[in-house]
Amino acid sequence: MARAVTTQRRAINTLLAWAVGLLIFFPILWTILTSFKTEAQAIASPPLFFNFDWTLENYAIVQERSDYMRFLWNSVIIAGGSTLLGIIVAVPAAWSMAFVPSKRTKDILMWMLSTKMLPAVGVLYPIYLLFIQLGWLDTRTGLVIVLMLINLPIIVWMLYTYFKEIPGEILEAARMDGAGLREEILYVLTPMAVPGIASTILLNIILAWNEAFWTLNLTAANAAPLTAFIASYSSPEGLFYAKLSAASTMAIAPVLILGWFSQKQLVRGLTFGAVK
Amino acid sequence: MATQHSRSAARLMMAPAVILLLGWMLVPLTMTLWFSFRQYLPLRGGDLGWAGFDNYVRFISSSSFWPAVQATLIIVGGVLVITIVLGVLLALLLDQPMWGQGIVRILVIAPFFVMPTVSALVWKNMFMDPVNGLFAHLWKFFGAAPVEWLSQASLPSIIMIVSWQWLPFATLILLTAIQSLDSEQLEAAEMDGAPTLKRFWFIILPHLSRAITVVLLIQTIFLLSVFAEIFVTTQGSFGTRTLTYLIFQRVLESQNVGLGSAGGIYAIILANIVAIFLMRIVGKNLDA
């Protein structure tokens, strides 16, 4: 039974929540607005909110001067590639742990989780050295592999919690009807697992897109994704707020949109199923 | 029931993930452990032999160690307090009936999806810049002298930036937990005349305790390795050199790999202490 709420109370809630929500969102809004100003308007005092001449010139300049598309493409390859590779490795593992659990399944899951807790800086030099030896420094291949490995525990865990929810009786029924392991996976499990896999992919693309330790330390000019591209604005010349804003807006827009679709999965994925 | 056949198939399917993660854990970890006992200076002679526990002693006794520990504790502690207190309040607010709840939720969650380098640079330049930042305009509007945030109030500034990034995470998880609260219990308490504050203290807060613990532990693990936010703002100056940043500087900037590796081992031990508590909670959930 829903509690009855007076309209007045609802209005106060609404007002308060919107005020707080807009306050938290404001830095993003301000960045987006500034990206449409000229550099002079961007530092105008007092600040201009909507009353300025909207321009797209910053977007053109960012692309022209620093070849934004190349960084974007690196981000797409690194985030997409590492997620795809992770899914390929994790789906069989999560499937077997969810449907053919053994005594050690729990230990293996916990151990996988523990590898995620390893602080990156503790293994920075070994990885750096291995990258030099393998010729992976500043290559997309190297980053795809490293990001796949750091996100693999999250991928396995998320898939495991989704697969766990598929009722086992359906599998037994399929087996009774004479389905082999291959048919079982292909025709029974896959259709039921697709939503879970899709959410896992979504969350992991976001995590890989925003990863900013390995991408900053293992890339230079060639394989740098957007995280590193933006970091290059930390020692700027002259007026740059509008250009920084344009570059930032372009860097965060794709995941901001993906992120809104994956709110629910965020909780499950990042708490390893501890909060649902 | 699983047959022998499906058991071995299952093992085979698990193998790639297990082997990859095992390699990812063991190979670099062994190397770090090995380097931590060597005097290893890649740019000044390379591997100069066995060093025993010298690196471990030197890392701790160096003048930058305790300030780094202090900076780390202040940043992690500050962000945890801010995000959890505000997160609980915000989750309670978002749980109330209102118009446009979905949109407000999106607004609140958005910062979590902003990459760390973007949020750090936007805050640094467009808000905290002492000349052109919005805070400077605001301060001047009220007749106060603008603050040089990242040098005069460096730690609070970093805490502010990182809290902004993590508040959505705490809020979202606490909101999920609040929504799973049995509303009949609350209604019963309300009918019995329990005031709002008492209802919060005796029903809602105990219900949230598990979610709060999870937020606390997960955030601690991530916050201990905050890097990009410092890398693009202060570069570790003005007292913002955390343990993670100190190790990074030892290893990559001054190329003292032995010393940095000993620091790395300390960081790994520290993270593992936190992780053990987190794993216990997650493990309990797995049994249920």
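Two residues are taken to be in contact if their C-beta atoms, placed from the backbone, lie within 7 Å. The model is predicted, with local features needing pLDDT of at least 70 and side-chain atom pairs counting only at pLDDT 80 or more, while totals for chains, interfaces and linings use all residues. Residues are numbered from 1 along each chain as its sequence is written, and chains are lettered from A and ligands numbered from 1 in the order in which they are written.

**View 1. The contact between chain A and chain B.** On this contact, 84 residues of chain A meet 88 residues of chain B. Helix α1 (residues 7-34) of chain A supplies the largest share of the chain A side, 16 residues, where helices (H or I, at least four residues) and strands (E, at least two) are DSSP runs numbered from the N terminus. The chain A side holds 62 nonpolar, 19 polar and 3 charged residues; in this scheme Ala, Val, Leu, Ile, Met, Phe, Trp, Tyr, Cys and Pro count as nonpolar, Asp, Glu, Lys and Arg as charged, and the others, Gly among them, as polar.

**View 2. The crossing of helix α4 of chain A and helix α1 of chain B.** The axes of α4(A) (residues 68-99) and α1(B) (residues 4-36) come within 8 Å and cross at roughly 130 degrees, the axes being lines fitted to C-alpha atoms, for helices over the stretch in contact, with angles running from 0 to 180 degrees between N-to-C directions. The residues that α4(A) brings to this contact include V89(A), P92(A) and W95(A), and those of α1(B) include M13(B), P16(B) and L20(B). By class, the residues of this helix contact comprise 12 nonpolar, 1 polar and no charged.

**View 3. The two domains of chain A.** Chain A is assigned domain 1 (7-59) and domain 2 (67-270), with bounds that come from an automatic or database domain assignment. Taken over C-alpha atoms, the centres of these two domains of chain A are separated by 32 Å. Their contact draws 11 residues from domain 1 and 8 residues from domain 2 of chain A, and on the domain 1 side α1(A) gives the most, with 3 residues. That side of domain 1 has 4 nonpolar, 5 polar and 2 charged residues.

View 4. A19(A) lies in helix α1 of chain A. A19(A) is exposed, with 11 other C-beta atoms within 10 Å, given that a residue is buried if 20 or more other C-beta atoms lie within 10 Å of its own, exposed if 12 or fewer, and partly exposed in between, with C-beta atoms placed from the backbone.
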